[in-house]
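Here is a short report for a reader meeting this chain for the first time. Please look through the sequence and the 3D view before reading on.

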Amino acid sequence: MDWEQRFIGWYQAGVRGEVPETPAPGIGWNQLDLLNQRIYEKYCDRPIENVLREFNASYSQILAIVEEIPEEEMFAVGRYSWLGENSMVEVILANTANHYRWAKRHIRKWLKAIDEL
């Protein structure tokens with residue numbers, strides 16, 4: 001949900017004509033391990049029910065945004081300066097479906113390790 005919320009913030013800033021600092025203020029794309037560690041620390045002690053509720057709400061927000069973006073804007077490269085050489089759909093995928101796939105692999109690996117204990 002954190003990455004979804006990042007995208008939502010970036011998108012809203014772009015619509016306002018602002019250029020958001022991506023992926024996070026003071027953190028560059030070459031520091032994703034650091035950012036992901038901070039995200040983990042932010043959420044690790046929350047009850048799973050809260051995390052799932054927040055995830056579902058965030059997912060609904062993403063769907064609403066995707067539905068409102070015109071198709072030509074979705075596939076236009078560099079529509080907003082913060083997109084760089086990417087299209088909106090590429091950034092959405094990176095922060096949703098591709099991220100879900102990445103997380104699923106890690107969760108399955110973690111569950112397998114627990115089963116082997």
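**The chain as a whole**

This is a predicted model, in which local features need pLDDT of at least 70, side-chain atom pairs count only at pLDDT 80 or more, and totals for chains, interfaces and linings use all residues. Residues are numbered from 1 along each chain as its sequence is written, and side-chain values use heavy atoms, with hydrogens and water left out.

The chain has six helices and zero strands. Its pattern along the sequence is α-α-α-α-α-α. Helices (H or I, at least four residues) and strands (E, at least two) are DSSP runs, numbered from the N terminus.

The C-alpha trace spans about 50 × 30 × 20 Å along its principal axes. Of the 117 residues, 28% are buried. Here buried means under 20% relative accessible area, exposed means over 50%, and partly exposed lies in between (1.4 Å probe, protein chains only). Among contacts with a separation of 6 or more, 56% join residues 24 or more positions apart. A contact means heavy atoms within 4.5 Å.

**Helix packing**

Two packed helices are described by the angle between their axes and the distance between the axes. Axes are lines fitted to C-alpha atoms, for helices over the stretch in contact, and angles run from 0 to 180 degrees between N-to-C directions. Angles under 35 degrees count as roughly parallel, over 145 as roughly antiparallel, 65 to 115 as roughly perpendicular and the rest as oblique.

Start with α5 (residues 88-95) and α6 (residues 97-115). They pack at an angle of about 25 degrees, with their axes 3 Å apart. That makes α5 roughly parallel to α6. On the α5 side, Ile92, Leu93, Ala94 and Asn95 take part; they meet Ala97, Asn98 and His99 in α6. This contact of α5 with α6 has four nonpolar, three polar and no charged residues. For these classes, Ala, Val, Leu, Ile, Met, Phe, Trp, Tyr, Cys and Pro count as nonpolar, Asp, Glu, Lys and Arg as charged, and the others, Gly among them, as polar.

Helix α5 also packs on α1. The axes of α1 and α5 come within 8 Å and cross at roughly 155 degrees. The two helices are therefore roughly antiparallel to each other. From α1 come Trp3, Glu4, Phe7, Trp10 and Tyr11, which meet Met88, Val91, Ile92 and Asn95 in α5. By class, the contact of α1 with α5 has seven nonpolar, one polar and one charged residues.

**Aromatic rings**

How many aromatic pairs does the structure hold? There are 11. Rings of Phe, Tyr and Trp (its six-membered ring) pair if their centres lie within 6.5 Å; planes under 30 degrees apart count as stacked, over 60 as edge-to-face and the rest as tilted. Two of the pairs are set out here.

| Pair | Distance between ring centres | Angle between planes | Type |
|---|---|---|---|
| Trp3 and Trp29 | 6.4 Å | 25 degrees | stacked |
| Trp10 and Trp82 | 6.1 Å | 55 degrees | tilted |

Trp3 and Trp29 link distant parts of the chain, 26 residues apart. Trp3 is in α1 (residues 2-15), and Trp29 is in the loop between α1 and α2 (32-43). Trp3 is buried at 8% relative accessible area, while Trp29 is partly exposed at 47%.

The pair of Trp10 and Trp82 also links distant parts, 72 residues apart. Trp10 is in α1, and Trp82 is in the loop between α4 (71-75) and α5. Trp10 is buried at 5% relative accessibility. Trp82 is buried too, at 11%.

Two arginines lie over ring faces. A charge sits over a ring if NZ of Lys or CZ of Arg is within 6 Å of the ring centre and within 35 degrees of the ring normal. Arg6 lies over the face of Trp3, 5.6 Å from the ring centre. Arg79 lies over the face of Tyr80, at 4.7 Å.

**Single residues**

Ser58 lies in α3 (residues 48-68). It is buried, with a relative accessible area of 1%. Not counting residues up to four places away in sequence, Ser58 touches Met1, Glu4, Gln5 and Ile8.

Val77 is in the loop between α4 and α5. It is exposed, at 55% relative accessible area. Leaving aside neighbours within four places in sequence, Val77 is in contact with Glu85, Asn86 and Ser87.

The peptide bond from Thr22 to Pro23 is cis, with omega near 0 degrees. Pro23 is in the loop between α1 and α2.
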